[in-house]
Amino acid sequence: MNRMPRLFLFVATLAAVPGQAVAAGMPQLRFNDHLVIGQVVWGAAIFIGFYLVLSRSALPKVERVLTNRRNRIQNDLDVARRAKAEADAASAELQKARHDAAAQARANVERIQNEARATAEAHAQAAAKRLEAEIAQAEERIAQSRNTALASLPDIATQTAQTVVGRLLGTDASTAQGTAISDAVARAQA
């Protein structure tokens, strides 16, 4: 929008120049002069010749330079794309390796926990069996002690009764009294 007035002023100025130049007497703009036409023809011939020389010699070199530059840029882009693809693949492989390592670590931890749990259960079972055996042995010893105590009870009762009778009577209990006391204790147990 802002360019339109400037463009209009530029075109108006160019359109006004030939009229003013002719009016001012500029000789290069007098196209009815045969020298100006000769200059234009020679200028066009020189321009065409210069164009042909440049198009045959310099422009192909420039074109080769541009083509080489374009190819080099394309090759660099291809190398960069391959490097990016390789980096992406390496990153994906790293992620996979990290995931696999984490899974393996979890499996190892779980295996170690299971082994520790099994070892603890085995130790607990062995301890339980050992305690059961010790309890059984202790119960057997208690039963033997009780039986021994119960077996010796008549003798203790007889001796106690003889001692009590002897103290009551003031003499030692005779064998006949001891036998009677033993019989009385045996009857009391039955």
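Author: Let's start with a pair you can find quickly. Lys84 and Asp88 both sit in helix α2, which covers residues 34-169, and they are four residues apart, about one turn of the helix. (Helices are DSSP runs of H or I with at least four residues, strands are runs of E with at least two, and both are numbered from the N terminus.) Before going on, keep in mind that this is a predicted model, where local features need pLDDT of at least 70 and side-chain atom pairs count only at pLDDT 80 or more, while totals for chains, interfaces and linings use all residues. Residues are numbered from 1 along each chain as its sequence is written, and side-chain values use heavy atoms, with hydrogens and water left out.

Back to the pair: Lys84 and Asp88 form a salt bridge, with 3.0 Å between the closest N and O atoms. That term means a side-chain nitrogen of Lys or Arg within 4 Å of a carboxyl oxygen of Asp or Glu. Lys84 is exposed, at 53% relative accessible area, and Asp88 is partly exposed at 41%. Here, buried is under 20% relative accessible area, exposed is over 50%, and partly exposed is in between, using a 1.4 Å probe and protein chains only.

The structure has five salt bridges, so let's visit two others, given that cut-off of 4 Å. Arg111 and Glu115 join in one, at 3.1 Å from N to O. They also lie in helix α2, four residues apart, about one turn of the helix. Glu115 is partly exposed at 42%, and Arg111 is partly exposed at 41%.

Further along, Arg130 and Glu134 make another salt bridge, their closest N and O atoms being 3.5 Å apart. Once again the two are in helix α2 with a spacing of four residues, about one turn. Glu134 comes out partly exposed at 38%, and so does Arg130 at 47%.

Thr158 is buried, with a relative accessible area of 10%. A polar atom of the Thr158 side chain lies 2.6 Å from the backbone oxygen of Pro154.

Finally, a note from a record: an unreviewed UniProt entry places a "transmembrane region" at residues 33-54. UniProt positions follow the numbering used here, feature names are shortened, and annotations may be inferred rather than shown by experiment. In the model, that span is 95% helix and 0% strand, and its end C-alpha atoms lie 31 Å apart.

Key:
A polar contact is a pair of N or O atoms within 3.5 Å; within protein, one must be able to donate a hydrogen and the other to accept it, and residues adjacent in sequence count only if both atoms are side-chain atoms.
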